[in-house]
Amino acid sequence: MESVVTEHRFLRALRREPVDTTPVWIMRQAGRYLPEYRATRERAGSFLALAKTPELACEVTLQPLARFDLDAAILFSDILTVPDAMGLGLHFVEGEGPKFAHPLRSREAILHLGVPDPETSLRYVTDAVRLIRRELADRVPLIGFSGSPWTLACYMIEGEGSSSFSRAKALAWDDPSTLHHLLDINARAVVAYLSAQAAAGAQALMVFDTWGGMLAAEQFVEFSQRYLGMVAQALKSNAATRDIPLILFSKGANGHLEGLADSGCDALGVDWTIRLSEARARVGHRVALQGNLDPATLAARPEAIREAVRQTLASFGDGPGHVFNLGHGITPDIDPAHVSVLVDAVHEFGQRKDSVDQT
């Protein structure tokens, strides 16, 4: 009997359906560790020019798929495109990272904000999604993404990256109603942005809550988890997006897995500071899990990488609902050959007894 044609294993895993082997993709898989990416970035002239030119964004999105047997592509963009579309003036300084020309330093500035129209001020993103989907020709699914309301607020208030984001934290204490107003605007902007990516062809959606874990427990629930739930509920209540898998990744927020699992998302990304076995025990059958190899493992010897992959898969255990990934983004110092070792090891060690292909 011929094998049954099935949906991509990445999408099946996110829905906790059986797969032939564990799917794998890597956060920041299109990035500076690849020489071809660095060449395209140099040709573009700047990171923003690269991100804002759909043809170039498509090119770098596809680059890792030419090298590695990955199970998903992720749109090449940046989480700060949304506040840039709000008029904050995003730019990048070499060696210093993102900065905003007009950070939010007053209540009046926050009250002046509005939700941008993704098909006008962010049309370069949706155009890139459409182009990537066409070029992928359904080889693998395409992931669209956004920053979380809290993480966007951190950069918008601080005006740049920070080790503490003390301005945003201070606003939470000094004027929580104004911060809630900003987070509500951000949540509605994220929903509109992700919905537009889905309409353009994104087959899964992910929200990066990079700085959620820096909040104290009570503040995480109030200022991060609450708005992640708002985004999830809005997407799941819309007929156009309810069936598109949604992944939430809140780095450093392992103390809140149960609450995040109740948000309405389909999967939770977890960082490398928790065992997958523990995370799985705590969330039960509510969501799939994505993760969670320490990114620094890719600097180790190939034999060590293979063993770390084996241990990570063993920690998750049998049954559906696992997408292999790093616990955060790949770093620029990594040898691409080590990524090949990881990807191949996942598919080798991740073979499932509950295969969807029956003969």
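Is D20 buried, partly exposed or exposed at a relative accessibility of 25%? In this predicted model, D20 counts as partly exposed at that value, because buried means under 20% and exposed means over 50%. The side chain of D20 meets that of R9 in a salt bridge, with N and O 2.8 Å apart. R9 lies in helix α1 and D20 in the loop between α1 (9–14) and α2 (35–44), so the contact ties together parts that are 11 residues apart in sequence. R9 is also partly exposed, its relative accessible area being 22%.

The structure holds 22 salt bridges. One of them joins K99 and E160, whose closest N and O atoms are 2.3 Å apart. This pair links distant parts of the chain, 61 residues apart: K99 belongs to strand β3 (residues 97–100), whereas E160 is found in the loop between α8 (149–158) and α9 (166–174). K99 is buried, with a relative accessible area of 16%, while E160 counts as partly exposed at 33% relative accessibility.

R188 is partly exposed, with a relative accessible area of 44%, and D184 counts as partly exposed at 27% relative accessibility.

Terms used: Residues numbered from 1 in each chain as written. Predicted model: local features only at pLDDT ≥ 70, side-chain atom pairs only at ≥ 80, totals over all residues. Heavy atoms only, no water. Salt bridge = Lys/Arg side-chain N within 4 Å of Asp/Glu carboxyl O. Helix = DSSP H or I, 4+ residues; strand = E, 2+ residues; numbered from the N terminus. Buried < 20%, exposed > 50% of the residue type's maximum accessible area, 1.4 Å probe, protein only.
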